Amino acid sequence: MNYEELGLRVGLEIHQQLDTERKLFCHCKPDLVEEDEEDVFQRRLRPVRSELGEVDIAALFEWKKGRTYIYHAPRSRSCLVEADEEPPHEADRESIIIALAMAKAFNSKIVDEVHVMRKMVIDGSNTSGFQRTMLVALEGSVNVDGKEIGIETICVEEDAARKLKEEGKFVHFKLDRLGIPLIEIATAPDIRSPQEAKRVALRIGQMLRLTRKVKRGIGTIRQDLNVSIEGGAKTEIKGVQKLEIIDKVVEYEVIRQLKLLEIRDELKKRGVTKEEILSQLMTDVTDILKDSKSKIVKRALKSGAGAFAIKLPKFKGLLGKEVQPGRRFGTELADYARFWAGVGGIIHSDELPKYGITEEVEEIKERLGCEEQDAFVLVLAPGPEAREALKAVKERAAVALEGVPEETRAANPDGTTRFLRPRPGAARMYPETDVPPITITEDMLKKAEAIKPKNPAELIKELMTIYKLPKDMAEKMISSVRFDLAYRLVKKYHGKLHSTIVVRTVVDTLKELEREGIEVERIKDEHIEEVLDKVAEGKVAKEAIPDILKKVAEGSTVEKAIKELGLDKEIDVEKVVREVIEKYKDEIEKRGAQRSFGFVMGKVMAELRGKVDGKVVAQTVKKVLEEMENR
Ligand SMILES: [Zn+2]
């Protein structure tokens, strides 16, 4: 796909949990707990007018759903602030300092005074009905592979409560996550391809980690994407948790917008109008389906639901059109029906016969007055819900004539997206009066300077040119939790030990041991340094590093581990080589000495691995085999 020609524009919003001492607006510990004593209480939220007097449509809708929110408040990780029973405490300065450090790295303009704003939250994930957010800096940029990408804003905000489960109209949330400080970095829509989106996200993620002040692991970083193409619409995609799928999410969104534009053009060609679509009325078709053999129909009718249908004029073939892998235009309509009416889904004529609905199809078409090019949508639900659902379907179908609707969507794990809610209006923000503004002081700026991340591109260049590290290892190193240690040791052993050995040990070996289930917490920085000292002094072969560290993890000291592994004895390599050759004399003579190098190496290394450097063994084997050859 030629993304430039399509006019692709992508902006990223990266949300990363900060690793601070306390939560943003109270003094609770900012981490998650599994088991804890907890209090449980419930709330219903209602939308309030903003200071401009507007009620947010999405907020109003959530309220209309009549949901009750059950909050689980773990005593060790929440207080009256999370329960919204006590005013927020002053904002956490450490969080602001981390944001200032990022602002410096992006050359952003830092505000003089940080003001706390309330952003309306409409899904119950916040007990107060809003999220507090603070703008810290704006108008910066980041250089990614030679291109400047604008960083529009840097904010600090509170994380939402985490959803545990949904049971009918009851939604359960846990309050440990509520109030954990997040940094929100929003780029300008300067990104022009899916791959670039991924690279920019990776780069910003790397820089965040280089402050050493952010949390790690799944769920600690989330990215939202704004994607649009020429003639399409700005779509906001929420909650991409894995960096690896960002390019896919963008690519699939481009496909979706293109397909929606194709559908628009086809509908125009077929000559259908908005009025024609919107004037369609819901028709009761329960009697047609009352003796249906279809299991889902039977189950629905038995539960008291009815069967209702609506004609979509000239939509035949379009409802079944794939807009994203595994998702059809009909799926988009179903999302709307689910969202606005809470129904389980819809059935559309392009997918019929299916679900055991067969001979009834023609009869429904006849009842609705469908002609050759017309389609219909069927909903199995009680009358009022069905009416809402089909109204939503009809309205979404009418928007198809305009192309792509402005929506907020949620990312699925496979990179496709689903409708989440309409795009919220500007009425969602208003000032928080319970928390005084914070003046940015010289002292805060000084502290920020101390944790300001180095420029990753420059770091990688330094590691590659001065320390001769391959690019992939340099990248891996700067993204590692143990970057500090690796960087210090690479510098320390420069000229004595190849940097790849250092990075492999600090980054890969520890990770591999961890994967084997070994408790690497016992391996301290000093242990790693001591082992590398031995390797640098030529006392231990680099191959022995994992075995020594394994022993250390089991509680041994480095010295003891070396003794236990028998690495402290002088080894007569030549003697071992000669013994092996003697043992396999017949085989070697059969092959010829020259062609036996690999064979002999394998046998000798089986005995000496970890004890002697492979290079020394290779030299000795070569020497002895040459002697044999010349004999
Ligand atoms: Zn608290």
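Me: What should I know about the model and the numbering before we start?
Reply: The model is predicted: local features need pLDDT of at least 70, side-chain atom pairs count only at pLDDT 80 or more, and totals for chains, interfaces and linings use all residues. Residues are numbered from 1 along each chain as its sequence is written.

Me: What makes the phi values of D84 and D145 worth a mention?
Reply: Most residues other than glycine have a negative phi, and most peptide bonds are trans. D84 has a positive phi near 60°, and D145 has a positive phi of about 50°, although it is not a glycine. As for peptide bonds, L352 and P353 are joined by a cis one, with omega about 0°. P353 belongs to the loop between strand 18 (347-348) and helix 10 (360-368).

Me: How do you know that the length of helix 5 agrees with its number of residues?
Reply: The expected span is 1.5 Å times one less than the number of residues. Helix 5 (residues 246-270) has 25 residues and should span 36 Å; its end C-alpha atoms are 36 Å apart, so the two values agree. Just after helix 5 comes G271, with a positive phi of about 75°.

Me: What does helix 11 give in that check, and what do its buried residues pack against?
Reply: Its 17 residues (383-399) should span 24 Å, and the end C-alpha atoms are 24 Å apart, so this agrees too. Its buried residues include E385, A389, L390, K394 and R396. They pack against helix 6 (274-278), strand 15 (306-312), helix 9 (329-341) and strand 19 (375-381).

Me: What makes a set of residues a nonpolar core?
Reply: The members are buried Ala, Val, Leu, Ile, Met, Phe, Trp, Tyr and Cys residues joined through C-beta atoms within 7 Å. The largest core here has 104 residues, of which A99, M102, V136, I154 and A486 touch the most other members. Helix 3 (residues 93-105) supplies the largest share, nine residues. Another core, of 52 residues, lies apart from it and includes I357, L368, V377 and A400.

Me: Where is K615, and why is it called exposed?
Reply: K615 sits in helix 23 (residues 614-630). It has 10 C-beta neighbours inside 10 Å, so it counts as exposed. The C-alpha atoms of K615 and A541 are 10.0 Å apart, although 74 residues separate them along the chain.

Conventions: Buried ≥ 20, exposed ≤ 12 C-beta atoms within 10 Å, placed from the backbone. Helix = DSSP H or I, 4+ residues; strand = E, 2+ residues; numbered from the N terminus. Contact = placed C-beta atoms within 7 Å.
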